[in-house]
Amino acid sequence: MIPAEKPDNEDVRLDSLRQLRLLDTLPEVQYDRITRVAQRVMAAPIALVSLVDEDRQWFLSNQGLEESETPRDVSFCAHALHAPEIFEVPDAALDERFADNPLVVGGPQIRFYAGCPIAAPDGSLIGTLCIIDTQPRKLTEVDNETLRDLAAILEQELKLRDSATHDDLTGLMNRRGFYHSGQQALAQCGRRDLPALLLFADVDGLKSVNDSFGHAVGDELICSVAEIFREAFREADVIARIGGDEFAALLVDFDSESSLAIQRFQSGIAAASLDRGTQGLAVSAALGVASYDPRSGKTLEDLMRLADQDMYLDKLTNRESANPS
């Protein structure tokens with residue numbers, strides 16, 4: 001067996017994949033519809049949307065295969081990441097790269113493979129739409145066109161999902177994206193019995209900044225807070241701008257490292273300022289938190305409500321501290 005070499009842009013590619021927040025999510029009909037069509041039209045027992053992660057391939061959509069993921073070193077799809085063309089293996093048993101591959105000599109006994117690479121919105125190849133058969137075969141010209149067309153539809157779905165779930169100004173997720181990814185993350189915490197914590201942040205004084213300095217400076221303020229979020233929290237955490245001056249972060253598998261991330265965020269906010277000529281414009285935010293225990297039955301909406309209440313108390317405390325009686 002000859003494992004696939006990693007692409008030259010591997011770090012950028014992995015970053016693009018993880019920014020989509022598709023890994024380990026629940027099945028979605030728009031992706032399953034594409035693999036069902038591929039399976040039926042191309043008469044293949046197995047059709048997959050495979051996302052190639054750092055050390056595994058994970059199946060975003062899966063028709064005909066029991067596994068939800070496999071190690072990357074046995075992945076046929078990893079070989080397809082080096083070029084945008086369809087990668088085809090007519091008979092894996094006769095191909096030195098795959099002849100002794102566990103997926104060939106054991107279940108599901110792959111003989112034929114064809115995968116069309118799929119790109120993230122930034123163009124990075126993140127996986128494939130592929131079909132698999134237990135009998136040797138070759139793609140026809142019509143098969144090639146069909147697989148390319150279905151892969152193009154899949155890429156369009158990814159672009160639509162990305163544009164619909166991200167904030168244009170900051171590039172963070174918007175409210176819709178946060179609820180979608182946050183619910184998926186909480187479901188994963190529930191399945192794996194992991195704690196989580198929701199942090200809610202309300203940027204102080206955005207309206208007065210807009211009124212005094214203009215909306216361009218207000219946008220600069222919002223972008224500076226977004227950058228602090230990016231730098232403070234982990235890749236696995238779900239962060240978003242959920243309103244005009246409101247941000248949220250869902251910290252999954254909350255632990256001591258997560259506590260440090262919150263401290264980094266608080267320190268970043270305390271140290272931040274915007275240079276406005278001879279004066280610095282201080283950046284501040286009221287914070288609220290709500291904890292999640294898998295046995296509590298709390299939903300994301302519950303956590304948002306509790307964190308919002310806690311943030312409101314923090315805002316009142318800050319006002320009282322600034323204006324003692």
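This is a predicted model: local features need pLDDT of at least 70, side-chain atom pairs count only at pLDDT 80 or more; totals for chains, interfaces and linings use all residues.
**Entry 1, the main core.** I began with the largest nonpolar core, which has 29 residues. Leu 51, Ile 118, Ile 126, Leu 129 and Ile 131 touch the most other members. I then looked up where the core comes from: helices H2 and H4 and strands S1, S2, S5 and S6 each supply at least two residues. H4 (141-164) gives the largest share, five residues.

Another core, of 28 residues, lies apart from the largest one, and Val 209, Ile 239, Ala 249 and Ala 272 are among its members.

I checked the length of H2 next. Its 13 residues should span 18 Å at 1.5 Å a residue, and the end C-alpha atoms are 18 Å apart, so the two agree. Gln 30, Tyr 31, Asp 32, Ile 34, Thr 35 and Ala 38 are its buried residues, and they pack against S1, S2, S6 and H4. After H2 comes Ala 43, with a positive phi near 50°.

Last, I looked at how H6 (206-213) meets H7 (215-232). They pack at an angle of about 145°, and their axes are 7 Å apart. H6 brings Leu 206, Val 209, Asn 210 and Phe 213 to the contact, while H7 brings His 215, Val 217, Gly 218, Leu 221 and Ile 222. I noted six nonpolar and three polar residues there, and no charged ones.

How values were computed. Residues are numbered from 1 along each chain as its sequence is written. Side-chain values use heavy atoms; hydrogens and water are left out. Axes are lines fitted to C-alpha atoms, for helices over the stretch in contact, and angles run from 0 to 180 degrees between N-to-C directions. Helices (H or I, at least four residues) and strands (E, at least two) are DSSP runs, numbered from the N terminus. Contact means heavy atoms within 4.5 Å. Ala, Val, Leu, Ile, Met, Phe, Trp, Tyr, Cys and Pro count as nonpolar, Asp, Glu, Lys and Arg as charged, and the others, Gly among them, as polar. A nonpolar core is a set of buried Ala, Val, Leu, Ile, Met, Phe, Trp, Tyr and Cys residues joined through side-chain atoms within 4.5 Å. Buried means under 20% relative accessible area, exposed over 50%, partly exposed in between (1.4 Å probe, protein chains only). The expected span of a helix is 1.5 Å times one less than its number of residues.
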